[in-house]
Amino acid sequence: MSTARETHDGVAAPARLLPLSKAPFQAPTDRDMLPSERREFVRTHRTCVFGYGRRADGPAMSIVYYVPDGNNDLLVATMAGRAKAKAVARNGKVSLCVLDETWPFAYLQVYCDAVIDDDEETLIDVMMAVAERMSGEPVSAELRPAVKAVAEQEGRVLVRCRPYATFVTPPRHLHSNEQQELAHWVSGSLPWDAPDTHAE
């Protein structure tokens, strides 16, 4: 089933993948992130821990590359035979723990409704974008047929994750073992589209 977003006039809006940011948002170390900063953190990073419920045992987790699009969806390419795709088909509630790549580390959890999207062209777009994120180099359009062949050979599918809430833990760092206390504070879950006034 296709899950392309629709515009106000009912016409399907094509996916527009966001480019890899050259300057990922750096989380503040002295306060909680504003809602707009949480969204910017997600849009400008590239890896996350993909978490989903299992029929038994605790939640399953795996590290994946994700690609944000202009509709605020987070796109993941995976193999149809893997547990992630099966879990999404069974229950679309997933969590993406977006990882920082600088010290001190921050992480931001995104709660999402996920679906399997049958948009094959966007799947190939995402796979090419992931290759760029992995290598740090552009992928030539001439390689698209080869990427498509890999997708078909591996049975790749597109997981479209639609954020509805976030939870963040600001980075804290112990600069010296002589410190008596390391300040922490509680954070909270906020709607994905919350205005900054909610954080005041």
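Buried means under 20% relative accessible area, exposed means over 50%, and partly exposed is what falls in between (1.4 Å probe, protein chains only). What you have here is a predicted model, where local features need pLDDT of at least 70 and side-chain atom pairs count only at pLDDT 80 or more, while totals for chains, interfaces and linings use all residues. Residues are numbered from 1 along each chain as its sequence is written, and side-chain values use heavy atoms, with hydrogens and water left out.

**The cores**

- A nonpolar core here is a set of buried Ala, Val, Leu, Ile, Met, Phe, Trp, Tyr and Cys residues joined through side-chain atoms within 4.5 Å.
- The largest one has 27 residues, and those touching the most other members are Phe 41, Val 42, Phe 50, Val 94, Leu 96, Val 110 and Cys 161.
- Two or more residues each come from helices H1 (35–43) and H2 (83–90), and from strands S1 (47–52), S2 (60–65), S4 (74–79), S5 (93–99), S6 (107–117) and S7 (156–169); helices (H or I, at least four residues) and strands (E, at least two) are DSSP runs, numbered from the N terminus.
- S6 gives the largest share of this core, four residues.
- Apart from it lies another core, of 14 residues, with Val 67, Met 127, Val 130 and Val 147 among them.

**Around Cys 161**

- Contact means heavy atoms within 4.5 Å.
- Leaving out residues up to four places away in sequence, Cys 161 touches Phe 50, Asp 73, Leu 74, Val 94, Leu 96, Cys 112, Asp 113 and Ala 114.

- Buried residues in H1 are Pro 35, Glu 37, Arg 38, Arg 39, Phe 41 and Val 42.
- The cover over H1's buried residues includes S4, S5, S6, S7 and strand S8 (190–191).
- Thr 44 sits in the loop between H1 and S1.
- Not counting residues up to four places away in sequence, Thr 44 touches Ser 21, Ala 23, Pro 24 and Phe 25.

**Positive phi outside glycine**

- Asp 57, in the loop between S1 and S2, isn't a glycine, yet its phi is positive at about 65°.
- Asp 57 is exposed, with a relative accessible area of 66%.
- Asn 72 is another residue other than glycine with a positive phi, near 75°, and its place is in the loop between strand S3 (67–68) and S4.
- Asn 72 counts as partly exposed, at 27% relative accessibility.
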